[in-house]
Amino acid sequence: MDGSGLTQQPKKPELNEELDVVDRNIKCLHNLPEEILRYILSLLPTKDAIRTSVLCKRWEYLWTSIPNLHFDGLELAKRKHFMNFVERVLLLRDSSDIKTFTLYCDVLHDASHASAWISAAVRRNVQQLDIRLCNFREPFSLPHSLFTCMTLTELELEMPCILKLPPTICFTNLKTLKFRYVTFSSEYLTQKLFSGLPVLEDLDLRDCNWVNIKVVSISAPKLLDISITEDTENQNDEKGCQVLISGVSLNVFYYYGEFYNEYRVYNSSSLVDASIFVAWSPHRQRQVAHRMYVLLTGFYSVKKLLLTDQALEVCFLLSL
Amino acid sequence: MSNTSENPNPSSSSAKMTLKTSDNELFEVEEAVAMKFCTVKQYFEDEKDSDVAARGSTTVIPLPNVHSAVLTMLISYGKKLPQSNAVADNHEEEETKKKERKKYEQGLLKNLMPGELLDLISAANYLDFKEGLEFFNQALADHIQNKSVEYVRKFFGIKNDYEPHEEEKYREEYAWAFEGIECWLIGELKQFMAKTKTLDIAGTLLGIKPALIVASFSVRGLNSLDSNILKPEMIAPGENILAAWINAIGPTGLDSNT
């Protein structure tokens, strides 16, 4: 039992301040037009933008036009939630264009879902696509519409499985192409792929395999930069594949590997910067040396040549 | 910053414009900076057509939706931006200016109240100040990133009009997006728990002299229903007792209760 007023605690000042702020904000919120709110949502990471749908009914579908979607679901533990989330978001997203679409996920038995999601992005005129898929438990194929996407400027594909190419391939606007762990299996279609890149400037082939392919010619007229990294574990047949690279506009060449395949660069008068990182393979000395020679013959105008010490050993061998 | 007089420095080459805010304060601003506010630019160009003589400092451009405090900040931000008509600097000067601007931006954001940020965005939108809008919108996005739904509601002054089961459904469907975001309520709960006290039983004390006296302000007297019963019926020592009740207001509706 205490007296009123004599021993009372003073009112906490923060509470009043907070109410003040809230009052002002309510006033301000009505002043912010919807376009501003949508713009702010487009600046947020995907998770945060979509969480706003729970704020209140006005915000329920405000996020549906965000241009960049980033789905990173490579934690196996929360996979079910992740898959539900992506499905839900793509279902509700409106038909406005998507600028960048990132999808990292363990596919398992959901090959058709993953393919459908990529297809949804392509349908909305995506420009930059970054796909990392792994853990396939059934055969997987990318949607055919991807290979004729007119709006695509950047494609990054990491998929440790066979790349099933459709009969029609036309990347009219593709400037950057990166493949990782991909296996090329059809000589005819692979050749079609690497001949249909009219504006490609940057090509990165990392740890890719050429199975049952004897020769492939990469002839992208605007190609400036090519980078090839070979898998240290050879999955190819004995002789490997002969890769002919047209260097009409080529400026930079980078190679890392053990020459399981043969590479030859021709028409390379614009090539100025080349780096060769060769890993030593004692029982394939002759083959490595020969392939090194073949590669070096294309570098007649190179100004800067970087070789690893093992590559120099190979060169020494050649001179004998 | 409000200055109604003419530019005292005759050798200054840039023309000045006068802007009038909603609270009737006048601001003299260099043309280069004022032109970044596209609304002002538009107004100026319209005026120019109508009267060639009335140029620069003699025209007062009214901004009825912008408060002086907000305009001050927008103008000082505008000044720090690279001027479109400035002489091109060499690389070093550009880098120094960039660093200065970054430092200024960080300082500006550090002392900004959430309400002020919304005011700035609203004003920048009205003035069509593109760089300002971009910068302050980004600041707002950075501020609400990784924050819980409850926090963002409070920040924007949003009233939740979802039914509980509707909200629950959304939270379940988008469960992946909610992972790792600290619930604001948990924060509040933690604060509340810190305020609770525990009572330890000290035991019964005998032979205390003098005996405890009932406080002068405590009620005494006869019970109104039965005059054979004296008040108080039950008594315990102590003042400022922490007690709990279920309803939002106490039983008497007063700030304190006996």
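How many bridges join strand E11 (residues 242-246) of chain A to E13(A), and in which sense do the strands run? There are 5 bridges, and the strands run parallel. This is a predicted model, in which local features need pLDDT of at least 70, side-chain atom pairs count only at pLDDT 80 or more, and totals for chains, interfaces and linings use all residues. Residues are numbered from 1 along each chain as its sequence is written, chains are lettered from A and ligands numbered from 1 in the order in which they are written, and side-chain values use heavy atoms, with hydrogens and water left out. Helices (H or I, at least four residues) and strands (E, at least two) are DSSP runs, numbered from the N terminus. Two strands pair if DSSP finds at least two bridges between them.

**Three-stranded sheet, chain A**

- An open sheet is formed by 3 strands in the order E9-E11-E13 (chain A), with parallel pairing.
- Strand E9 (215-218) and strand E13 (262-266) of chain A are at the edges; each has a single partner strand, so one side of each lacks a neighbour in the sheet.
- From one strand to the next the twist averages 20°, with axes taken as lines fitted to C-alpha atoms (for helices over the stretch in contact) and angles running from 0 to 180 degrees between N-to-C directions.
- A:Ser246 has A:Tyr266 as its bridge partner in E13(A).

**Ten-stranded sheet, chain A**

- A further open sheet has 10 strands in the order E1-E2-E3-E4-E5-E7-E10-E12-E14-E15 (chain A), and its pairing is parallel.
- Its edge strands are strand E1 (68-73) and strand E15 (304-307) of chain A, each of which pairs on one side only.
- The twist here averages 5° from one strand to the next.
- Strand E3 pairs with E4 in chain A in the parallel sense over 5 bridges, and A:Ile131 stands opposite A:Leu157 in E4(A).
- E4(A) also pairs with strand E5 (residues 176-180) of chain A, in the parallel sense and over 5 bridges; here A:Glu156 stands opposite A:Lys178 in E5(A).
- Strand E4 (residues 154-158) of chain A has A:Leu155 and A:Leu157 on a covered face, while A:Glu154, A:Glu156 and A:Glu158 form an uncovered one.
- Strand E10 (residues 225-229) of chain A is joined by 5 bridges to strand E12 (residues 252-257) of chain A, and the two run parallel.
- Within E12(A), A:Phe253 is the bridge partner of A:Ile226.

**Cavities**

- The structure has 3 cavities of 30 Å³ or more.
- On a 1 Å grid over the protein atoms alone, a cavity is a set of points where a 1.4 Å probe fits but cannot get out, and lining residues have an atom within 4 Å of a point.
- The largest cavity holds about 70 Å³ of space, where grid points are joined across faces, edges and corners and a volume is the space filled by probe spheres set on the points.
- Its lining draws on both chains: A:Leu44, A:Asp48, A:Arg51, A:Thr52 and A:Leu55, with B:Ile144, B:Lys147, B:Ser148, B:Val149 and B:Val152.
- Helix H3 (46-51) of chain A and helix H7 (149-156) of chain B each supply at least two residues of this lining.
- The lining residues of the largest cavity comprise 5 nonpolar, 2 polar and 3 charged; Ala, Val, Leu, Ile, Met, Phe, Trp, Tyr, Cys and Pro count as nonpolar, Asp, Glu, Lys and Arg as charged, and the others, Gly among them, as polar.

**Cysteines**

- A search of the whole structure finds 0 disulfides over all chains, a disulfide being a pair of cysteine sulfur atoms within 2.5 Å.
- The sulfur of A:Cys149 lies 10 Å from the closest cysteine sulfur, in A:Cys170, which is too far for a bond.
- For A:Cys241 the closest cysteine sulfur is in A:Cys208, at 11 Å, also too far for a bond.
- A:Cys149 is buried, with a relative accessible area of 4%, and A:Cys241 is buried at 2% (buried means under 20% relative accessible area, exposed over 50%, partly exposed in between, with a 1.4 Å probe and protein chains only).

**Individual residues**

- A:Asn125 has phi near 55°, a positive value in a residue other than glycine.
- A:Asn125 lies in the loop between helix H5 (111-123) and strand E3 (128-136) of chain A and is partly exposed at 31% relative accessibility.
- B:Asp128 has phi near 55°, again positive in a residue other than glycine; B:Asp128 sits in the loop between helix H5 (114-127) and helix H6 (130-144) of chain B.

How values were computed. 1 Å grid on protein atoms, 1.4 Å probe; cavity = no way out; pocket = protein on both sides within 12 Å on 5 of 7 lines; lining within 4 Å.
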